[in-house]
Amino acid sequence: MITPINSTSTNLIQRRLLTKPPEKRETQKQPVRTSIFYINDFHGKSINIERTMTASNAFDNFKPSAPTDKLKFSSGDILLGEIEKVNKAAVAGENALGIMASAVGNHEYDMPKSIGKLIPDMKYNLLACNIDIRPEYPLSKKVQKSYIQEINGNRYGVIGTSPTDLISRLKYSVLFNEHEIHEINETIKDIQKEADKLKAQGVDKIILLSHLGYGYDRKVAQETDGIDVILGGHSHNLVLGAQEGENLLYNKSGEPVIITQAGRDGKYFGVLNLEFDENGVITKVQNNVTPTRGFKRNAPLRYVFEKILGKPEIVGFVKSAAPPITNDLTEPNPHAQFIVDCMREELGGDIALLSAANVRGYFESGNLDTRVLEDMSPFKNNLTIIPYTEKEIVGALKATAKSVTNLNNKPGILHTSGLRYNIDSNGDISDLYYIDKSGKETKIDINNPREDKIYRTVVNDYYAMGKDNLSMLDKIDWAEKIYDFDFTRCVKEHFRKDKTPVVIKDDGRIKIINSNPKNKTAS
């Protein structure tokens with residue numbers, strides 16, 4: 001159920017506004033009420049877009065007790081990967097939801113050669129003020145820095161950003177060498193420039209669609225003027241409510257700025273209810289973040305998606321499954337454990353490695369069909385077998401374990417088959433063991449890993465290229481074999497050979513010791 005549109009008072013904002021002269025408060029006009037339906041980082045998850053469609057219809061049909069402007073925005077990464085039909089479905093989903101504008105996340109750049117085919121279908125604005133895109137690149141004609149959205153006679157300025165770490169997040173980054181993505185301090189100047197331009201046009205309610213990540217959103221809020229709302233993405237935080245000092249901050253002029261974000265993979269959507277005074281300053285706020293799991297899949301949109309993606313086929317049966325985890329980037333994930341075991345089993349590696357960021361869904365009890373399985377990873381990164389040394393593997397585990405302390409939890413921990421290890425709250429690993437196929441465990445000295453010990457490792461081509469700054473894994477030229485399929489093929493093959501219903505549960509192969517992350521996330 002969507003919480004009613006009427007906003008509740010936030011005392012801390014009201015206390016700040018008591019500094020205004022009494023005579024000004026007495027002559028204030030009726031406040032402008034605004035309700036924003038927001039999404040971010042759906043990553044091509046069409047099933048959750050169907051669920052969100054049901055929620056969106058409820059939002060549209062809700063009748064507030066007073067006139068209220070309704071807006072719908074996305075903060076980017078609704079698209080994902082290179083598969084055109086997956087992204088075509090995502091664009092159709094954004095159109096069906098009635099999204100007015102979206103930030104350009106890093107995954108909107110995943111189809112550099114064919115994105116032009118999708119642009120004519122996009123009925124929403126694409127926004128990024130902090131990147132200089134080559135003129136010959138199709139997105140250059142679509143992407144704006146900002147625009148003005150008018151609803152019921154009220155004008156809202158909307159600005160967008162792409163992530164400052166864009167190039168390191170792209171599989172085909174070489175194609176973007178001539179693009180210039182601005183670093184964070186320059187990005188803040190870009191945002192301020194757009195805000196000033198909007199204010200000069202008489203716009204006093206300004207929304208930033210940010211794909212910078214939660215940490216940088218907090219910095220932007222406090223180092224700019226004129227921004228009222230930051231709808232975030234990229235870091236996949238699940239930001240609940242409005243808490244002073246956390247996601248309710250104050251700009252350089254002392255006016256409130258609300259920041260929010262709704263996790264990852266379409267597991268959540270948000271409704272942000274606001275009241276603005278006559279000067280465009282927020283006086284009331286209510287932030288509601290709701291799981292999509294509680295909404296039925298919208299039948300008409302499901303029909304549209306099946307026309308694009310094809311009819312699903314049943315591939316296996318799940319007897320029981322653990323619930324989705326909260327932070328996919330930094331928590332042990334039983335769903336990923338089953339997948340990485342299938343990778344090792346089907347391709348015969350000594351070990352298998354799978355990035356937490358590569359698992360975009362979860363299993364549920366009952367029949368497993370191809371639609372759900374394909375939704376698990378729309379990236380479609382091809383699998384490889386690489387001869388990594390013990391030292392290289394330990395280096396990768398150490399680097400990715402730092403995700404529990406890194407800003408925005410990037411790049412995410414490594415899920416393993418054939419290895420078990422612990423991560424402490426400082427992001428350091430300990431108690432690393434190799435487990436051979438008979439179950440025998442051998443301890444690995446993480447302080448002096450061997451350079452003469454080789455493990456035939458199943459890993460996808462993205463990591464085999466050393467992406468996510470994992471240079472120690474950059475050995476694609478050493479590949480024993482590069483397959484023409486991703487991990488979903490391995491899961492299908494497992495069920496083809498073994499019809500036994502599976503149980504998805506955490507077996508303790510990765511343990512997070514004394515971890516106490518500051519922000520609750522749904523990465």
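Biologist: Which helix holds Leu347?

Modeller: Leu347 is placed in helix H8. Helices here are DSSP runs of H or I with at least four residues, strands are runs of E with at least two, and both are numbered from the N terminus. Bear in mind that this is a predicted model, where local features need pLDDT of at least 70, side-chain atom pairs need 80 or more, and totals for chains, interfaces and linings use all residues. Residues are numbered from 1 along each chain as its sequence is written, and side-chain values use heavy atoms, without hydrogens or water.

Biologist: Leu347, buried or exposed?

Modeller: Buried, with a relative accessible area of 12%. Buried means under 20%, exposed means over 50%, and partly exposed is in between, using a 1.4 Å probe and protein chains only.

Biologist: What does Leu347 touch?

Modeller: Leaving out residues up to four places away in sequence, Leu347 touches Leu383, Ile385, Val458, Tyr483, Phe485 and Cys490. A contact is heavy atoms within 4.5 Å.

Biologist: New topic. What is the average pLDDT of the chain?

Modeller: The protein chain averages 91, and 91% of the residues score at least 70. pLDDT is the predictor's confidence in each residue, on a scale from 0 to 100.

Biologist: OK, charges. How many salt bridges does the structure hold?

Modeller: 32. The cut-off is a side-chain nitrogen of Lys or Arg within 4 Å of a carboxyl oxygen of Asp or Glu.

Biologist: What about Arg509 and Asp341?

Modeller: Their side chains form a salt bridge, at 2.8 Å from N to O. Arg509 is in the loop between strands S26 (502–504) and S27 (510–513), and Asp341 is in helix H8 (residues 334–347), so the pair ties together parts that are 168 residues apart in sequence. Arg509 is buried at 10% relative accessible area. Asp341 is partly exposed at 27%.

Biologist: Which other residue meets Arg509 in a salt bridge?

Modeller: Asp507, at 2.7 Å from N to O. Asp507 is partly exposed at 48%. Elsewhere, salt bridges with shared partners join Arg264, Asp265, Lys267, Asp328 and Arg360 into one network.

Biologist: And Lys492 with Glu374, how far from N to O?

Modeller: 3.3 Å, in a salt bridge. Lys492 in helix H12 (residues 487–497) and Glu374 in helix H9 (residues 370–375) are 118 residues apart, so distant parts of the chain are linked. Lys492 is partly exposed at 28%, and Glu374 is partly exposed with 28% too.

Biologist: Switching to the core. How many residues are in the largest nonpolar core?

Modeller: 37, and those with the most contacts inside it are Ile39, Leu79, Tyr109, Ile115, Met122 and Leu139. Strand S1 (32–39), helix H3 (46–61), helix H4 (84–97), strand S14 (268–276) and helix H7 (299–309) each give two or more residues to this core. Another core lies apart from it, with 29 residues, among them Ile386, Ile393, Ala396 and Ala464. A nonpolar core is a set of buried Ala, Val, Leu, Ile, Met, Phe, Trp, Tyr and Cys residues joined through side-chain atoms within 4.5 Å.

Biologist: What is Ile39 in contact with?

Modeller: Beyond four places in sequence, its partners include Thr52, Phe73, Leu97, Ile99 and Phe269.

Biologist: Sheets now. What is the strand order in the sheet of 7 strands?

Modeller: S6-S4-S3-S2-S1-S14-S15, an open sheet with mixed pairing. Strands S6 (143–144) and S15 (282–291) are at the edges with a single partner strand each, so one side of each has no neighbour in the sheet. S1 and strand S2 (residues 69–74) run parallel, joined by 6 bridges. Two strands pair if DSSP finds at least two bridges between them.

Biologist: And the sheet of 3 strands, what order?

Modeller: S18-S16-S26, open, with mixed pairing. The twist averages 50° from one strand to the next. Strand S16 (residues 314–321) pairs with S18 in the antiparallel sense over 4 bridges, and Gly316 stands opposite Leu368 in S18.

Biologist: What does H12 lie across?

Modeller: S16, S18 and S26, running at about 85° to S16. Angles run from 0 to 180 degrees between N-to-C directions, and axes are lines fitted to C-alpha atoms, for helices over the stretch in contact.
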